[in-house]
Amino acid sequence: MGTLVVAGVGLIGGSLALAARHAGRVGRVIGVGRSPANMQRALELGVVDEVSHDIAEACARADMVLLATPVGQMAALMRAMAPVLPAHTIVTDAGSTKGDVAALMRACLPAQLAHCVPAHPIAGSDLSGAAAAQYGLYQNRKVVLTPLPETAAAAVEAVRTLWQACGASVHEMSAAEHDSVFASVSHLPHVLAFAFVDMIAAHPDAARRFDFAATGFRDFTRIAGSHPEMWRDIALANRDALLAELADYQAQLATLEALIASADADAMQQLFERARHARLAWHQRFVRGN
Ligand SMILES: NC(=O)c1ccc[n+]([C@@H]2O[C@H](COP(=O)([O-])OP(=O)(O)OC[C@H]3O[C@@H](n4cnc5c(N)ncnc54)[C@H](O)[C@@H]3O)[C@@H](O)[C@H]2O)c1
Ligand SMILES: O=C(O)C(=O)C[C@]1(C(=O)O)C=C[C@@H](O)C=C1
């Protein structure tokens, strides 16, 4: 690919730019950002070759555009690029939700649908900004593509090849299945972590509790340090699937609450053993990379 435009040069967009360059897959990277300080840092760190403050001007020169901003920013970016996109340019994204991105592509880029490839790298962290970008972030991680019915096979192939060159394994599913799966294993745990830490912080003796919080607290709450705007946008974009997961979780908590209240030791132990078994099995697969 000649020129890659990355809109949103943070952890995810910056890491893709570094990995693509490291793999020799891109000639020039133009970064488009909202924060001048972050864009300056991206230039200094060599994450991008050039910074543009005008998404339309940059996209007019793009062979591929990667949208890597919070998903709530993507509509305005797509509208701004629509009139100037060269016909051959591929538009892809890295957003954590896919039904909303697909709908935006339909609404804002109707002439470009054959070259629109919604995508989601299943890798990241609680860090953000260009300074957090690292070229190895996608090594042995999954990327999910949710092509539109109109997406051309060659466009899917170009995005698949790019992610594979960055070390990822690429999977395809429908946007609806994607949003349901990630509501369960990513979006729910993040909102739980935010809610839990907020609850502790609001307690009259919060300082005392935080004084004695240790590794269990750290491991359960790491993701509450994630970017609030990004997670607000994800919760709004995937509201229906997330609400369904929250309802299931509340039902499960009610079950556990009843077992604790009635001191039903056997049932409680069975529940914990099932969970432990499932968690250990998942972890073994995750470490193996499948
Ligand atoms: N963090 C993760 O673990 C993770 C993993 C997979 C996918 N994602 C998705 O990737 C996207 C980016 O997440 P991130 O973790 O890289 O966040 P980030 O905060 O590190 O980077 C986002 C960047 O976008 C910039 N930005 C915001 N609005 C903009 C606009 N209108 N125009 C141009 N730039 C703008 C911000 O200044 C920031 O530098 C999000 O859609 C997120 O849902 C995140
Ligand atoms: O490791 C983290 O901190 C993450 O939150 C990464 C994580 C997740 O696993 O939930 C977060 C959002 C994504 O869209 C993909 C990956």
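**Helix packing and domain arrangement in the predicted model**

Helix H6 comprises 13 residues (residues 153–165), which at 1.5 Å a residue should span 18 Å; the end C-alpha atoms are 18 Å apart, in agreement with this expectation. Within H6, the residues Ala 155, Val 159, Arg 160, Leu 162 and Trp 163 are buried. Viewed down the helix axis, the buried residues of H6 fall within an arc of 160°, and therefore line one face of the helix. The face turned away from this buried side carries Ala 153, Ala 154 and Glu 157, which are exposed.

The cover over the buried residues of H6 includes one helix, H1 (11–22), together with several strands. Among these strands are S5 (90–93), S6 (116–117) and S7 (119–122), as well as S8 (142–145) and S9 (169–172). After H6 comes Gly 167, a residue whose phi is positive, near 100°.

At the level of the whole chain, two domains are assigned: domain 1 (3–173) and domain 2 (177–287). Their C-alpha centres lie 30 Å apart. Contact between the domains involves 14 residues of domain 1 and 16 residues of domain 2. On the side of domain 1 that touches domain 2, 4 residues are nonpolar, 7 are polar and 3 are charged.

An unreviewed entry lists residues 1–290 as "domain: Prephenate/arogenate dehydrogenase". In the model, this span is 53% helix and 12% strand, and its end C-alpha atoms lie 29 Å apart. The UniProt annotation "coiled-coil region", likewise from an unreviewed entry, covers residues 232–266. For residues 232–266 the model gives 89% helix and 0% strand, with the end C-alpha atoms 39 Å apart.

Note on methods
Residues numbered from 1 in each chain as written. Chains lettered and ligands numbered in written order. Predicted model: local features only at pLDDT ≥ 70, side-chain atom pairs only at ≥ 80, totals over all residues. UniProt positions renumbered as here; feature names shortened; annotations may be inferred. Helix = DSSP H or I, 4+ residues; strand = E, 2+ residues; numbered from the N terminus. Expected span 1.5 Å × (residues − 1). Buried ≥ 20, exposed ≤ 12 C-beta atoms within 10 Å, placed from the backbone. Arc of directions from axis to C-beta. Contact = placed C-beta atoms within 7 Å. Domains from an automatic or database assignment. Nonpolar A, V, L, I, M, F, W, Y, C, P; charged D, E, K, R; others polar.
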